[in-house]
Amino acid sequence: MGHGEARAVASGGMAAQTRVLRFRGPVLPDGESRDLYVVDGTVTYEPHDGAELAAEGWIVPGLVDAHCHIGLDPEGGVSDEESERQAIADRDAGALLLRDCGSPVDTSWIHDREDLPRLIRAGRHLARTRRYIRNYAHEIEPDQLSSYVAQEAERGDGWVKLVGDWIEREAGDLTPSWPREEVQAAIRVAHEHGARVTAHVFGRAALPDLIEGGIDCIEHGTGLTTDLIDTMVANGVALVPTVVQLDNFPGYAEAAADKFPAYAESILDLYARRRQTIMAAYDAGVAIYAGTDAGGVLPHGGIAGEVLELADYGFSPTDALGAASWHARAWLGLDGTLAEGSPADFVVVGRDPLKDLSALREPTRIVLRGKVVA
Ligand SMILES: [Zn+2]
């Protein structure tokens, strides 16, 4: 017990610790209008007389950024101060649960910070030697993959991140990072250590070994074809397409065009087909979640933009928002909806986000672990 708590109890101040907040409005996803009370960090619908009305509006279960990077910038790892600033930018945009998809620095201290978003880390990226952005990954060879997967599974929060394909200089094009046997063995090792596995994949060639090998999620997925999509549905493999990030593909192609024209052509082809590829996965029933890919080249705090872009691709408003809220929370092991007794993580917006998703850009209140944080 800390000094503050001791004083509160000694002075009979239990009321200060059990201050009840009331929120009023349609609670998503079902949209039933309710009085939602926050008591000791959790949601209750039991009326509490005299509870302070903290906000009125549409109440959205805490947003999720299912693919971002805390502790990373274009050059590599950053300071704890910068990591904190990144986490606060996400939080203030309503992203109260972050799945970190790879970071070279240890950000486990964020778990101890009640004011920062809940964080699920995938450890450090695992990439083939000289085949990823410099300073980001453990750069290793296939015979090292399983032991590194075991190590990152123990260091992370239940996820491991592979770089599944990248440009191979000799080939001058995207090629799979790992041979089939080694990568499928590594996926089994991760599962034995209780971790799920995801992989960055832009092209098609790396996908069959991963999807048939029991991987849990694909990041980007621009190389998906209908046969692979069907296997994803059958095997329950999720997809985080990072659709805002895909708009950077023409820039990648342009930067590489002189030295690697075949790669540039591949990237432009994936870019040209990106909407039909992602929508084919959506229409087939692949579980798709919203991720901004913030932390490399993109800024933090962009979750609303990702939701809007998913809707622009053709997702229904409910599916676009669910991909960044209740569906993603449940996928990552939290309470998806704001049911009685669930953690009080939610965002209040001033107009119906299912009628106008841009409402997410202007949250009027953000509640994390039962406290108003913005
Ligand atoms: Zn990423």
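1. A salt bridge is a side-chain nitrogen of Lys or Arg within 4 Å of a carboxyl oxygen of Asp or Glu. Partly exposed lies between buried (under 20% relative accessible area) and exposed (over 50%), using a 1.4 Å probe and protein chains only.

2. A word on the source. This is a predicted model, where local features need pLDDT of at least 70 and side-chain atom pairs count only at pLDDT 80 or more, while totals for chains, interfaces and linings use all residues. Residues are numbered from 1 along each chain as its sequence is written, and side-chain values use heavy atoms, leaving out hydrogens and water.

3. Now the overall build. The protein chain has 14 helices and 21 strands. These are DSSP runs numbered from the N terminus: helices are H or I with at least four residues, strands are E with at least two. The radius of gyration is 21 Å, close to the 21 Å that the globule rule gives for 374 residues, so the chain is as compact as a globular protein of that length. That radius is taken over C-alpha atoms, and the rule is 2.2 Å times the number of residues to the power 0.38. The C-alpha trace spans about 70 × 45 × 35 Å along its principal axes.

4. Next, packing. Of the 374 residues, 53% count as buried. Take contacts (heavy atoms within 4.5 Å). Among those between residues at least 6 apart in sequence, 64% join residues at least 24 apart.

5. Back to charge. Side chains of opposite charge can pair when their charged atoms come close. The salt-bridge count comes to 24. R22, R24 and D35 are linked in a network of such bridges.

6. Which residue forms a salt bridge with R118? D345 does, with the closest N and O atoms 2.6 Å apart. This pair links distant parts of the chain, 227 residues apart: R118 sits in strand β10 (residues 118–121), and D345 in the loop between α14 (326–331) and β19 (346–349). D345 is buried, at 0% relative accessible area.

7. Two helices are also joined by a bridge. D209 pairs with R180, and their closest N and O atoms are 2.7 Å apart. D209 lies in helix α6 (residues 207–212) and R180 in helix α5 (residues 180–192), 29 residues apart. D209 is buried, at 18%, whereas R180 is partly exposed, at 39%.
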